[in-house]
Amino acid sequence: MTLNYRNTQLYYTSKGIGNPIVLLHGFLESSNIWKFFIPSLSEKRQVICIDLPGHGKSGNLEEVHNMELMADAVHHVLSHLKIEKAAL
C-alpha cells in the first residue's frame, strides 16, 4: 500500500491482527528483507513493514534523509493506521 507523505509516496504493508509490531529495515535496504518473517509473525500480531523514505518503493524526499525524517515517516504510517502503541 502507499500513503502520501510530504508530496511523495511512502510504501508500507500491514498483515495480521493483534498487538502491532513494526519491522524497520537498515540503511540501503527495504521492507523486502522481512518477507520470510511476516507469515509466522502475522499469525498472532499485526505486522507493519515500511519502506523508509528513499528506500525500496518509497519516494525520495531530500538529498539527505536524517533520523528525524525517518521517525516522522514511521509516525505518519502508524497515525494513518490509527495505531497508538506498537513494538519496533
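**Close-ups of a predicted model**

**View 1. Strand S4 and its partners.** Four bridges connect strand S3 (residues 21-24) with S4, and these two run parallel. Helices (H or I, at least four residues) and strands (E, at least two) are DSSP runs, numbered from the N terminus, and two strands pair if DSSP finds at least two bridges between them. Look for isoleucine 21, which sits opposite valine 47 in S4. S2 and S4 also pair, this time in the antiparallel sense, over four bridges. Here serine 14 has isoleucine 48 of S4 as its bridge partner.

A note before moving on: this is a predicted model, where local features need pLDDT of at least 70, side-chain atom pairs count only at pLDDT 80 or more, and totals for chains, interfaces and linings use all residues. Residues are numbered from 1 along each chain as its sequence is written, and side-chain values use heavy atoms, with hydrogens and water left out.

**View 2. The two sides of S4.** In a regular strand the side chains alternate between the two faces of the sheet. In S4 (residues 47-50), Val47 and Cys49 point one way, Ile48 and Ile50 point the other way, and all are buried (under 20% relative accessible area; exposed is over 50%, partly exposed in between, with a 1.4 Å probe and protein chains only).

View 3. H2 has 14 residues and spans 20 Å from first C-alpha to last, close to the 20 Å expected at 1.5 Å a residue (that is, 1.5 Å times one less than its number of residues). Its buried residues are Leu69, Met70, Ala73, Val74, Val77 and Leu78. The buried residues of H2 pack against S1, S2, S3 and S4.

View 4. Searching the whole structure turns up one salt bridge (a side-chain nitrogen of Lys or Arg within 4 Å of a carboxyl oxygen of Asp or Glu). Aspartate 72 makes it with arginine 6, and their closest N and O atoms are 3.2 Å apart. Aspartate 72 is in helix H2 (residues 67-80) and arginine 6 is in the loop between strand S1 (2-5) and strand S2 (8-15), so the pair ties together parts 66 residues apart in sequence. Both are partly exposed: aspartate 72 has a relative accessible area of 29%, and arginine 6 has 48% relative accessibility.

**View 5. Serine 58, tucked into a loop.** Serine 58 belongs to the loop between S4 and H2, and is buried at 8% relative accessible area. Its side chain reaches the backbone nitrogen of tyrosine 11 at 2.8 Å and the backbone oxygen of aspartate 51 at 2.4 Å.

Conventions
Contact means heavy atoms within 4.5 Å. A polar contact is a pair of N or O atoms within 3.5 Å; within protein, one must be able to donate a hydrogen and the other to accept it, and residues adjacent in sequence count only if both atoms are side-chain atoms.
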